[in-house]
Amino acid sequence: MRGLNLLCCCVASLLLLGTAEEVEDASEPIKRDRSHLENTLKLNEEKPADDVSGVLQRLRKIYHSSIKPLEHSYRYNELRQHEITAYPGRTLGSSATDGEITSKPMVLFLGPWSVGKSSMINYLLGLDNTPYQLYTGAEPTTSEFTVIMHGPKLKTIEGIVMAADSTRSFSPLEKFGQNFLEKLIGIEVPHKLLERVTFVDTPGIIENRKQQERGYPFNDVCQWFIDRADLIFVVFDPTKLDVGLELEMLFRQLKGRESQIRIILNKADSLATQELMRVYGALFWSLAPLINVTEPPRVYVSSFWPHDYQPETHRDLFLKEEISLLEDLNQVIENRMENKIAFIRQHAIRVRIHALLVDRYLQTYKDKMTFFSDGELVFRDIVEDPDRFYIFKSILAKTNVSKFDLPNREAYKDFFGINPITSFKLLSQQCSYMGGCFLEKIEKAITRELPDLLGSIGLGKKPNVLSCDVTGCGETPKNRYRKP
């Protein structure tokens with residue numbers, strides 16, 4: 001009898017041990033395979049580095065020798081920046097530092113709180129269970145603007161240090177004040193993907209919180225990052241589809257950047273098929289009044305985190321959606337130099353137009369001035385009614401000037417209010433024997449140098465070998481934007 005009791009106790013112990021192991025196994029979710037992520041983003045390829053440094057060196061030389069002199073002479077950066085931009089809402093920066101030219105493509109994550117923005121970054125970079133993983137949770141967790149960038153070792157950088165470093169492109173953020181810099185943090189990670197791109201995680205949108213409660217101009221800071229982002233992920237989850245005032249303001253700030261926006265419906269494997277269809281339709285219903293474009297934005301439906309998909313869900317669909325998003329991200333990385341050159345060229349066009357306008361204002365002022373004239377009254381008449389003196393129409397008669405690139409004429413009232421017209425020189429006087437003329441140099445950069453540099457990348461040539469024009473070499477440039 002005693003032996004029987006001992007046998008029963010052993011069997012019970014084994015059963016309890018097996019149950020405990022099952023519970024322990026169930027508590028550790030299965031990790032998802034990352035091979036598709038590494039293959040799509042080409043993280044394992046040991047290919048020779050392209051001559052990006054040579055292209056950047058050539059681009060910086062063109063900017064400093066051909067664009068910056070005219071920009072500085074006519075105080076372009078003192079014009080209202082939101083009126084003259086290279087892309088809608090995008091400027092080169094208050095001082096046009098090399099950081100803006102040499103910066104990597106920026107991917108911005110926006111959306112309501114706890115929809116999975118930080119988890120998505122952790123998943124893309126493999127930061128889970130590391131000391132530098134972004135904190136995640138069901139409650140509003142991210143209260144800072146977090147910049148994840150490449151570095152030789154894992155390191156955290158305070159916002160005040162990032163703003164003080166002129167080699168980075170974040171120095172203009174000082175204008176938002178000390179309270180914001182305390183909410184800005186940088187994380188350097190030695191990851192291969194971050195050698196080619198920078199991620200920015202933003203605080204989640206909380207509809208019942210006023211902007212004043214954050215202690216800094218939240219919408220203005222978002223606008224600064226939006227203006228500089230090459231790709232913008234707006235993330236939602238099935239439980240947060242409602243649109244409030246703060247989210248509506250955010251989409252208003254995204255106007256003109258629709259080509260960079262990607263909508264993500266995250267945590268899709270938490271829903272059954274029928275529920276997922278209803279949520280997908282509800283998301284479009286909520287966003288339709290906010291995005292007024294003829295072509296609907298691309299919406300990715302998946303679950304972007306390291307754990308495996310829930311059983312009995314559309315695993316194949318979610319995996320294909322994830323790969324499509326990774327291909328989209330990789331395309332932005334591949335086209336980074338083309339986009340950078342095009343951005344600098346558009347900036348040069350705006351600087352040229354601004355210089356032509358200031359020159360025309362100055363020439364009109366000199367023509368109207370007499371020995372007995374009051375210079376202040378004469379110029380006030382010109383600024384108040386520039387159409388009467390054909391200021392803008394005369395610029396449109398110039399070669400390669402579009403009416404859509406002309407700035408708002410009201411901006412020049414403020415510009416000349418702080419910059420007297422007599423402090424400028426005519427363009428004809430901006431020439432030297434050794435340096436040439438400012439106008440001729442910027443026109444050469446716009447029409448020849450920058451297009452040649454762009455063409456050299458498309459043809460796969462080295463940037464310093466420009467022996468023939470792009471259309472005269474007998475080769476067809478490769479269309480890098482067309483999907484194979």
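The legends below describe close-up views of a predicted model.

**View 1. Helix α9 and its buried side.**
Helix α9 covers residues 245-253, and its buried residues are E246, L247, L250, F251 and Q253. These residues lie on the same side of α9, because they cover an arc of only 155° around the axis. An α-helix has 3.6 residues a turn, so residues three or four places apart point the same way.

E248 and R252 form a salt bridge in which the closest N and O atoms are 3.4 Å apart. Both residues lie in α9, four residues apart, which is about one turn of the helix. E248 counts as partly exposed because its relative accessibility is 31%. R252 is also partly exposed, at 47% relative accessibility.

R262 forms a salt bridge with D328, and their closest N and O atoms are 2.4 Å apart. This pair links distant parts of the chain: R262 is in strand β7 and D328 is in helix α11, 66 residues apart. Buried means under 20% relative accessible area. R262 therefore counts as buried, at 13% relative accessibility. D328 counts as buried too, with a value of 14%.

**View 2. S303 in a loop.**
S303 is found in the loop between β8 (299-301) and α11 (315-334). Its relative accessibility is 1%, so S303 counts as buried. A polar atom of the S303 side chain lies 3.1 Å from the backbone nitrogen of A268. Leaving aside residues up to four places away in sequence, S303 touches R32, N266, K267, A268, D269, Y309 and E322.

**View 3. Strand β2 and its two partners.**
Strand β2 (residues 145-150) is mostly covered, with five of its six residues buried. β2 runs parallel to strand β4 (residues 184-189), and six bridges join the two. With strand β5 (residues 198-201), β2 pairs in the antiparallel sense over three bridges. I148 stands opposite I187 in β4 and opposite F199 in β5.

**View 4. The largest nonpolar core.**
The largest nonpolar core has 51 residues, of which Y361, F379, I382, Y412 and F416 touch the most other members. The elements that give two or more residues to this core are the helices α3 (52-73), α12 (336-368), α13 (375-384), α14 (391-396), α15 (411-418) and α16 (438-458). Helix α12 gives the most, with 15 residues. F416 touches V358, Y361, F379, V383, I421 and F424, not counting residues up to four places away in sequence. A second, separate core has 48 residues, including I205, F218, F236 and L254.

**View 5. Further salt bridges.**
The structure holds 14 salt bridges. One of them joins D385 to R388, with the closest N and O atoms 3.7 Å apart. D385 counts as partly exposed, at 33% relative accessibility. Salt bridges also link E384, E410 and K413 in a network.

Technical notes. Residues are numbered from 1 along each chain as its sequence is written. This is a predicted model: local features need pLDDT of at least 70, side-chain atom pairs count only at pLDDT 80 or more; totals for chains, interfaces and linings use all residues. Side-chain values use heavy atoms; hydrogens and water are left out. Buried means under 20% relative accessible area, exposed over 50%, partly exposed in between (1.4 Å probe, protein chains only). The arc is that of the directions from the helix axis to the C-beta atoms. A polar contact is a pair of N or O atoms within 3.5 Å; within protein, one must be able to donate a hydrogen and the other to accept it, and residues adjacent in sequence count only if both atoms are side-chain atoms. Contact means heavy atoms within 4.5 Å. Two strands pair if DSSP finds at least two bridges between them. A nonpolar core is a set of buried Ala, Val, Leu, Ile, Met, Phe, Trp, Tyr and Cys residues joined through side-chain atoms within 4.5 Å. A salt bridge is a side-chain nitrogen of Lys or Arg within 4 Å of a carboxyl oxygen of Asp or Glu.
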